[in-house]
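User: I am new to this structure and would like a close look at a single part, the places where one chain meets another. Please take me through it carefully.

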Amino acid sequence: MNITELTVHELKEKLDKKELTVSEITKAYVDRINEKEKDVNAFVTTLTDEALEKAKQIEEKLSHNENLGEYAGIPIGIKDNMCTKGIKTTCASRMLENFISPYDGTVVNKVINEQNMIDLGKLNMDEFAMGSSTETSYFKKTKNPWDLSKVPGGSSGGSAAAVSANMVPWALGSDTGGSIRQPASLCGVVGLKPTYGLVSRYGLVAFASSLDQIGPITKDVEDSAILLSIIAGHDEKDSTSMNIPKKDYTKSLKNDIKGLKIGVPKEFFGEGINEEVKTSLNTAIEKYKELGAVVEETSLNIAEYALAAYYIIACAEASSNLGRFDGIRYGYRAKNCETLKDIFVNSRSEGFGAEVKRRIILGTYVLSSGYYDAYYKKAQKVRTLVKNEFAKNLEKYDVLLTPTSPITAFKIGEKTENPLEMYLSDICTVSINIAGVPAISIPCGVDKEGMPIGMQLIGKHFDEETILNTAYTYEKNTNFREKYKPTFKGGAN
Amino acid sequence: MKVTREELLHIAKLADLKLEEEEIDKYLLNLQDILNFANIVNKAPVEELKETIGSNDNYNVFRKDEIVEFEDEEALLQNAPEKEQNMFKIPKVI
Amino acid sequence: MAREDYEVVIGLEVHAELSTKTKIFCSCPTEFGGKPNTHCCPVCMAMPGALPVLNEKVVEYAVKAGLATNCEISMDSKNDRKNYFYPDLPKSYQISQFDKPLCERGYVEIETSEGKKKIGLTRIHIEEDAGKLNHDEYGRGSLVDLNRAGVPLIEIVSEPDMRSVEEADVYLKKLKSILEYIEVSDCKMQEGSLRADVNVSIRKKGQKEYGTRTEMKNMNSFRSITRAIEYEIERQIEVVENGGKIDQETLRWDEVSGKTFSMRDKEDAQDYRYFPEPDLVAIKLSKEYIDNIRKNLPELPESRKERYIEEYKLTEKEARMITSSKYLSDFFEKGVEISNNPKAICNWLLSDVARILNEQEKEPDEIPFMPEDLAELVALIENGTISTKIAKDVLEKMFETKEKPNKIIKDNGWVQISDEGAIKEVVQKILDANPQSIIDYKNGKDKALGFLVGQAMKETKGKANPQMLNNMFKEAMK
């Protein structure tokens, strides 16, 4: 038995049956990290020694029948933009290279302190979650386990790559415009962006407050439902968190979608979408029909508007959210500053990378006097349009089906010179954040180079159940994970 | 809309960022490119629509006026680049 | 042209710290002072990932202030971010309100030597206070203390409706007393919990358009405000008279030199990039909520004033002065409850107590004794234990020692002599020593009686009952 290939629900079953111990599981992952990290570069901080130590403590407590939480002893990886007390939280930025949070974020608190999961480390990402390839990380470039010369996607590239490479059984990512779903798609794993307001943002270092959500990146849909059940829920510390009852999302997994209405927005299959991606999606559509779903073509003509509005709104909010990094209370402070202004300007100019600065400048521009109406205000109107269009479609259909990414993983360095081109690759995912609805990406095939292709299923507000069941039913009736595995090919050495 | 070099420098100043001479042309080009694209929001059929304000439909989320002291005051200053008398130290401000 | 040819236009933006227990967006205490950075948490220190949650009392207090100043209360309001970099502003944005303040279109009625007048209020909005910059020991650097960061404020913006220094002064005093009455702010100016930004411009009389205004920020004493406005008016008139132009700018008032100075470069015009705060949600107030606050609003100074005239027969002026401070007014009511002599309590408060406070540059809430002590003093005069003259000395002692009047009198042996035999003795002694005065009195010189009483008072160190002395001298010289 190869422990690290198991899903969490399989691990849990074996733990319950005493076929495996917490230490055995943790040790297997620590070994796997030690073996693969040099190829994949998924982590900013690894906590392998601490993990082994905590595994022992948990076993000890479990032997005394202490009540530790259902998933006590299951390892997890955490994207490095979630605050962890006593452990560095860097956002993959020079700005926070040595930052140690004085508190645990709400979701971190749930998985680490309440559930007693074992933190294997903090996962690499695009700097401050700004990027679609994890190439903007100040520290390292994470590789795609399916081809080490390619990007894992982003911004949660470290999380997706680590899950895909079996270096963690599951991970937490964050999604502002596709940052969970797109890397999940590019790495052949499952990524869920919950409805805005379902999961607390307290302790998630903000990129764009009105769009950010934390979500699970997992090997399969059942694990996604489990992790979502753990992290979802109202939090008094986040005003945008909705006060709705807690749910057990695994109950929605029925392996049955007969009569389900699926809408396929034709605009998401047009120009710019790779032919192999289209073909793969069409095969998935046929599969759904076969499984008893009613699939219809529909129109959702907002993708370009949404993408433009997304970059305006996200950058505007980011330009303000990143103001607090001023070199005074924490974070990078430039050397040899004589005046206060030197501290502000030099610390920020040296502490932030090029992409972050680009977005701060764009965001500052669209909010500045004279341009607010033409850009920010208009974008907020477009947001209303996008919401309305989604609402119309989701009134008619239970689920909308689109590609997650117009292309499969690309070569490292291929798009770094052209920011706009990189932005355009988010075309399939950003409108979901603008509308605030939930969406899941699951693997549905590979291209001719063997790179994973992802399918995105979009649901109604707070109806994660339906997209989870739709994804689950597909997964149960196809077998991506058995057919395809990452090869770690293309390594430089 | 054409972005001028002066505008870019003004915006950078507002954001407390300093652009090196060799960066300016690159940023100018990027910003122009992205704005040209973003300008599509001005072609969207939104005349009749109101702006979305607020991150979602939540409203009236309030806290009770009850004191809860943060448990780890020391940790709040542990990351300070420079401190003195339990305060953050900065160059003299008049 | 002369000063009289110009009209002065003044508008005030008043910031009042609300007297909630906790900060506006986190549960840290608002208490003034304390060891630096100990009333802080990840939220008010702007740690990455921390989020604000609005204190319900802040909304309630702002609505109270709005209702007490005749504002319309907005049923649909929100918070916005105001972006700028400054070390006392940890998030580099202040959460404030931009286009949808909680209260709009109110007024405050003031009364000056020119009569009554309404000063319009543009708006009242809620926002957070900034931290404090201190200087380090050697004067080489500044030190940031964030205990005050996130303390709730309301900003009360007036229309440019004031036309004189007096109006501005009276308006500010009135506003302060209203906020004290409704108990939303302690308005301690010396602690900075009430501060004003003052906008001043001048125009030729009869001119329609406003002149260019200058702004003086963060003024926190009535004296500075009136002095600064006076100075600024003179300065502006001088500039215009000399053919110059007023620049729209922010000025700093320097208390020591008594002058204003330019603060910022003009080219450095601020662009605050306001936008809706995405970390907070809409504020939607119901009619019931607003009505409920209205119903429970405490009695305002205007209505107390009327009641004092009606119930206690105070003059309009007396009632106005007593109600100008909530503390004074509460003090008065407590005193009256015990002594049942409103006129006397009022007189003491407005004359001797006011004089001593003034000499010591203190506010009414710094009176060192309780209303029952003043009532006791009044009772001691009423029952003849001490004379009014002695009572004045007792009051001085009350300020000094904070002792009860009875104890002061006893300790100092100031009990009035009302014993007939004792007084008769004194009268005889004085008459024996001043035969000429007796002759003068008998010749119709009434002044002589006063002289004799004075001598007797001197002899008894002021303790003799003056009424009895008067009567006995007259009797003896018949």
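**Where the chains meet**

In this predicted model, 33 residues of chain A are in contact with 24 residues of chain C, two residues being in contact if their C-beta atoms, placed from the backbone, lie within 7 Å. On the side of chain A that touches chain C, α9 (303-321), α10 (340-351) and α11 (354-367) each supply at least two residues, and the largest share, three residues, comes from α9(A). Helices here (H or I, at least four residues) and strands (E, at least two) are DSSP runs, numbered from the N terminus. By class, this side of chain A divides into 13 nonpolar, 12 polar and eight charged residues, where Ala, Val, Leu, Ile, Met, Phe, Trp, Tyr, Cys and Pro count as nonpolar, Asp, Glu, Lys and Arg as charged, and the others, Gly among them, as polar.

Because this is a predicted model, local features need pLDDT of at least 70 and side-chain atom pairs count only at pLDDT 80 or more, while totals for chains, interfaces and linings use all residues. Residues are numbered from 1 along each chain as its sequence is written, and chains are lettered from A and ligands numbered from 1 in the order in which they are written.

Chain A also meets chain B, in a contact that takes 55 residues from chain A and 39 residues from chain B. On the side of chain B that touches chain A, α1 (5-14), α2 (21-38), α3 (73-77) and β3 (87-91) of chain B each supply at least two residues, and α2(B) gives the most, with seven residues. That side of chain B has 25 nonpolar, eight polar and six charged residues.

Chains B and C, in turn, share an open sheet of four strands in the order β2(B)-β3(B)-β10(C)-β9(C), with antiparallel pairing; two strands pair if DSSP finds at least two bridges between them. Its edge strands, each pairing on one side only, are β2 (83-84) of chain B and β9 (132-135) of chain C. Within chain C, β9(C) and β10 (residues 141-145) pair in the antiparallel sense over four bridges, and C:His135 stands opposite C:Ser142 in β10(C).

As for chain A itself, it has 16 helices and 11 strands, and of its 493 residues 65% count as buried, that is, with 20 or more other C-beta atoms within 10 Å of their own.

Terms used. A residue is buried if 20 or more other C-beta atoms lie within 10 Å of its own, exposed if 12 or fewer, and partly exposed in between; C-beta atoms are placed from the backbone.
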